[in-house]
Amino acid sequence: MPGALDRVDLKILRLLQNQGRLSNAELAEKAGVSAATCHRRTQRLFDEGFVSGVRALVTPRKVGKGALAMVGVVLDRSTPESFAAFEQAVAKLRFVLDCHLVAGDFDYFLKIRVGGMEDFNRIHGEQLIALPGVRQTRTFFVMKEVVDNAPLDF
């Protein structure tokens with residue numbers, strides 16, 4: 001049955017989530033299966049979308065992006081067309097790490113990494129408030145990242 005996960009599949013997923021650089025041989029050993037079985041199962045997990053990609057987690061401050069801002073966005077209209085226009089435009093902005101449609105006081109929350117306040121001020125004035133349908137933004141600067149990008153608990 002496609003999509004059904006057994007304990008070995010779950011173990012492989014947990015191992016990959018915590019140590020994405022494991023070789024197939026190391027992964028197989030830790031999962032308690034042969035290398036061929038591990039490769040086949042891992043490929044299936046990718047093919048069926050249980051793993052959407054693998055990438056390195058770069059330390060933001062080491063590359064000059066040490067400031068983190070969360071931006072609440074309110075659109076001037078709540079229509080499917082205005083949401084689609086905003087989402088299409090925001091997806092093109094490379095400084096936006098995450099964009100989430102939310103319920104509550106805001107329509108969207110954006111997670112943005114920048115070099116500092118001056119960098120954010122420029123981006124805000126030139127690009128954020130110019131996004132389609134933006135009526136208001138409210139910015140929250142992160143003072144301390146307590147938990148960021150934690151592994152899923154399953």
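## Residues after strand β4

At 85% relative accessibility, Met-143 counts as exposed. Met-143 is placed in the segment that comes after β4. This is a predicted model, and in it the C-alpha atoms of Met-143 and Ala-85 are separated by 32 Å. Along the chain, Met-143 and Ala-85 are 58 residues apart.

Leu-152 is also placed in the segment after β4. The relative accessible area of Leu-152 is 63%, which is over the 50% that marks a residue as exposed.

With a relative accessibility of 54%, Asn-149 counts as exposed. The phi of Asn-149 is positive, near 60 degrees, although the residue is not a glycine. Most residues other than glycine have a negative phi.

## The largest pocket

The largest pocket has a volume of about 1600 Å³. Its lining is made up of 34 residues, and the closest to the pocket centre are Arg-55, Ala-56, Leu-57, Val-58 and Asn-149. Asn-149, one of these five, is the residue with the positive phi described above.

By type, the lining of the largest pocket divides into 17 nonpolar residues, nine charged ones and eight polar ones. Three elements each supply at least two residues of this lining: helix α1 (7–18), strand β2 (96–101) and strand β3 (108–114). The largest share comes from α1, with four residues.

## Helix α2

Helix α2 covers residues 24–31, and its buried residues are Leu-27, Ala-28 and Ala-31. An α-helix has 3.6 residues a turn, so residues three or four places apart point the same way.

The cover over the buried residues of α2 includes α1 and α3 (35–47). On the face turned away from the buried side, α2 carries the exposed residues Ala-25 and Glu-29. After α2 comes Gly-32, which has a positive phi near 80 degrees.

## Helix α4

Helix α4 takes in residues 80–90, and Ser-82, Phe-83, Phe-86, Ala-89 and Val-90 are buried in it. Seen down the axis of α4, the buried residues fall within an arc of 135 degrees, and therefore they line one face of the helix. Four strands are included in what covers these residues: β1 (67–75), β2, β3 and β4.

The face of α4 turned away from the buried side carries exposed residues, namely Pro-80, Glu-81 and Gln-88. Two of the buried residues of α4, Phe-83 and Phe-86, belong to one aromatic cluster together with Tyr-108.

## Aromatic pairs

How many aromatic pairs does the structure hold? There are six. Phe-120 and Phe-141 form an aromatic pair that is edge-to-face, with 5.2 Å from centre to centre and 80 degrees between the planes. Phe-120 lies in helix α5 (residues 117–128) and Phe-141 in strand β4 (residues 134–141), so this pair ties together parts that are 21 residues apart in sequence.

Terms used. Residues numbered from 1 in each chain as written. Predicted model: local features only at pLDDT ≥ 70, side-chain atom pairs only at ≥ 80, totals over all residues. Heavy atoms only, no water. 1 Å grid on protein atoms, 1.4 Å probe; cavity = no way out; pocket = protein on both sides within 12 Å on 5 of 7 lines; lining within 4 Å. Points joined across faces, edges and corners; volume = space filled by probe spheres on them. Nonpolar A, V, L, I, M, F, W, Y, C, P; charged D, E, K, R; others polar. Buried < 20%, exposed > 50% of the residue type's maximum accessible area, 1.4 Å probe, protein only. Contact = heavy atoms within 4.5 Å. Phe/Tyr/Trp six-rings, centres within 6.5 Å; stacked < 30°, edge-to-face > 60°. Arc of directions from axis to C-beta.
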